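Hello,

Here is the structure I promised to pass on to you. Have a look at it first, and then read on for what turned up in it.

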Amino acid sequence: MTIKLKVWKQKNANSSGHLENYTVDHVSPDMSFLEMFDVLNEQLVQDNKEPIAFDHDCREGICGMCSMYINGQPHGPLKGVTTCQLHMRSFKDGDTIVVEPWRASAFPVIKDLVVDRTAMDRVIASGGFVSVNTGNAQDANNLPIGKDKADMAFAAAACIGCGACVAACKNASAMLFVSAKVSQLALLPQGQPEREVRALNMVAQMDSEGFGACTNTGACAAECPKEISLDNIARLNREFLGASISSQEL
Amino acid sequence: MSWITKTLTSSIGKKLLMALTGLFLCTFLVVHLIGNLQLFKNDGGYAFNNYAVFMTTFPLIKIVSYVNYALILFHAFWGLYITYKNRQSRPIGYAVVRNSSSVFSRNMAVMGTILLVYLVVHMSDFWYRYHNEHLPYVQYTEQVSTGQISTTYLDDSYTQEVKKIETFNEEAGTRTVIVKDLYGVVSYSFQNILLVLFYVLAMFAVSFHLIHGFQSAFQTLGWSHPKYTPLVKNIGVWIFAILIPIGYAAMPIYFYFIK
């Protein structure tokens with residue numbers, strides 16, 4: 001296959017970028033999208049040109065590092081997969097593919113397709129944790145948890161924090177991410193001690209990072225590689241509004 | 001900052017205000033439609049004109065109506081403010097976008113702005129004229145025993161201090177009512193095809209706004225549940241986005257084509 005690419009090139013956070021044209025020959029349909037970029041970068045290095053900077057790590061869809069906005073969709077056209085799990089068989093020979101970085105004021109571009117997603121880390125640091133007792137781990141059966149609750153918490157915990165929800169949302173809202181991180185703990189007994197403070201702090205941090213507000217369009221859940229449900233956003237609304245009313249903090 | 005301000009100015013709190021005011025306006029749509037269905041009564045406007053007097057004089061209704069106007073303005077401008085702030089969260093847009101959300105959900109502010117323009121036109125068409133302009137009066141004489149109503153259009157120069165003069169003639173068994181003929185104004189206004197078209201198109205905007213808006217308000221309130229969410233979505237689509245706009249659109253169409 002021959003693939004034509006239009007890729008966002010940007011030197012650093014302060015410079016303005018542009019879309020640059022590339023052509024990649026001898027692309028195998030079995031290559032992942034990132035492997036196609038590896039081939040292109042090898043070629044660029046051989047030609048004494050600057051390779052394209054992009055984020056990647058595990059390449060098996062669980063780390064949340066890869067972050068390409070491919071033909072108008074985060075992680076490309078396939079449902080429920082990350083860019084690293086997208087293969088070139090999803091495209092046709094001669095296709096032109098436009099690749100852009102996540103766009104959000106909270107995600108400044110570092111270089112080319114690499115954006116700074118530490119805003120999400122700061123949201124987690126503001127409350128996305130549980131208090132852990134020291135000593136031996138207690139017997140798992142000491143904490144009865146309903147199967148339905150455990151399943152919901154687990155589904156929320158599948159969020160890998162890649163930021164595709166922010167990239168897909170017309171408001172660059174991080175509500176799906178934050179709601180998954182609040183839900184996975186609010187649903188379980190271990191998450192109860194910080195339950196109210198967590199919802200309040202994480203929403204406050206989310207707002208101060210400059211993410212937009214939620215319009216309930218559902219674009220986030222539709223594009224999420226882990227198919228996190230919109231129900232989590234409703235739960236976050238409940239958690240936040242409930243905590244605002246009932247918490248002791250003035 | 002007090003906890004109330006902090007809550008209501010957070011991203012979720014801002015949406016809470018949109019949801020609560022939006023749902024209040026939805027109840028207004030229901031009440032306004034039911035009241036205005038009296039336009040379809042073939043009584044020369046007897047029921048409708050009496051209803052107009054009641055709605056503009058009964059103190060409780062007057063309070064609620066001014067609250068309603070205030071909330072419409074709040075909902076509109078708060079919504080535009082949130083939209084403006086949300087735009088700032090993505091200063092540089094994408095070159096290519098393939099949307100996976102509904103066109104209705106992405107254009108709430110556009111539909112809302114159309115509706116705001118519509119409301120200005122609508123209020124100046126009827127509300128402003130009813131309150132501030134000299135409208136012709138109409139006299140209804142109702143035969144109380146049979147309910148038969150005879151209508152007399154009073155001379156254009158006729159005017160009265162109060163909104164409604166009601167007299168009884170015990171001997172003849174009749175009730176006579178003199179009121180402003182708002183029904184006549186409505187009927188006359190909707191002979192203009194451009195106004196009819198504008199009103200009908202505006203009802204499409206209502207429909208598109210509420211297809212997303214009604215269920216979105218419940219989601220913002222945290223009301224998401226496998227048992228009740230399907231019901232909420234059905235009410236939003238079938239009642240608020242289809243039935244109610246059709247009911248409203250039927251009024252200009254009725255006066256233009258049938259009346």
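**What was found**

The buried residues of helix H6 of chain B are B:Met108, B:Met111, B:Gly112 and B:Leu115. Among the elements that cover these buried residues are helix H4 (59-88), helix H5 (103-106) and helix H8 (193-220) of chain B. H6(B) itself spans residues 108-132 and has a kink of about 40°, centred on B:Ser124. As for the spacing, an α-helix has 3.6 residues a turn, so residues three or four places apart point the same way.

Before going further, please keep in mind that this is a predicted model. The predictor gives the complex an ipTM of 0.92 and a pTM of 0.94. For chain B, the mean pLDDT is 96, and 100% of the residues reach 70 or more.

**Chain B as a whole**

How many helices and strands does chain B have? Its secondary structure comes to nine helices and four strands. Read from the N terminus, the order is α-α-α-α-α-α-β-β-β-β-α-α-α. Along the principal axes, the C-alpha atoms of chain B fill a box of roughly 75 × 45 × 40 Å. Of the 259 residues in chain B, 28% are buried. If you take the contacts in chain B between residues at least 6 apart in sequence, 76% of them join residues at least 24 apart.

Where they touch, 12 residues of domain 1 of chain B are in contact with 10 residues of domain 2 of chain B. On the domain 1 side of that contact, helix H3 (46-57) and helix H7 (182-189) of chain B are the elements that give two or more residues. H3(B) has the largest share of this side, with six residues. Sorted by class, the domain 1 side has four nonpolar, seven polar and one charged residues.

**Chain A and its domains**

Chain A is also divided, into domain 1 (3-111) and domain 2 (118-246). The C-alpha centres of these two domains of chain A lie 29 Å apart. Their contact brings 18 residues of domain 1 of chain A together with 16 residues of domain 2 of chain A. The side belonging to domain 1 of chain A has nine nonpolar, eight polar and one charged residues.

In chain A, strand E1 (residues 3-9) and strand E2 (residues 18-24) run antiparallel and are joined by seven bridges. One of the pairs to look for is A:Lys4, whose bridge partner in E2(A) is A:Thr23.

**A few residues to look at in chain A**

A:Asn48 has a phi of about 65° and lies in the loop between helix H1 (33-46) and strand E3 (69-70) of chain A. Is A:Asn48 buried or exposed? A:Asn48 is exposed, because it has 6 other C-beta atoms within 10 Å.

A:Asp112 has a phi near 45° and is found in the loop between strand E6 (109-111) and strand E7 (114-115) of chain A. With 23 other C-beta atoms within 10 Å, A:Asp112 is therefore buried.

A:Asp38 lies in helix H1 of chain A. Because 14 other C-beta atoms lie within 10 Å, A:Asp38 is partly exposed. From A:Asp38 to A:Phe54 there are 16 residues in sequence and 9.9 Å in space, C-alpha to C-alpha.

**Where the chains meet**

The contact between the chains takes 39 residues from chain A and 34 residues from chain B. Strand E5 (96-100), helix H6 (195-208), helix H7 (219-223) and helix H8 (231-246) of chain A each supply at least two residues of the chain A side. H8(A) gives the largest share of that side, nine residues. By class, the side of chain A that touches chain B has 18 nonpolar, 13 polar and eight charged residues.

Enjoy looking around, and write back with any questions.

Best wishes

Key
Residues numbered from 1 in each chain as written. Chains lettered and ligands numbered in written order. Predicted model: local features only at pLDDT ≥ 70, side-chain atom pairs only at ≥ 80, totals over all residues. Contact = placed C-beta atoms within 7 Å. Nonpolar A, V, L, I, M, F, W, Y, C, P; charged D, E, K, R; others polar. Bend = angle between axes of the 7 residues up to and from the residue. Buried ≥ 20, exposed ≤ 12 C-beta atoms within 10 Å, placed from the backbone. Domains from an automatic or database assignment. Pairing = 2+ DSSP bridges. pLDDT = per-residue confidence, 0-100.
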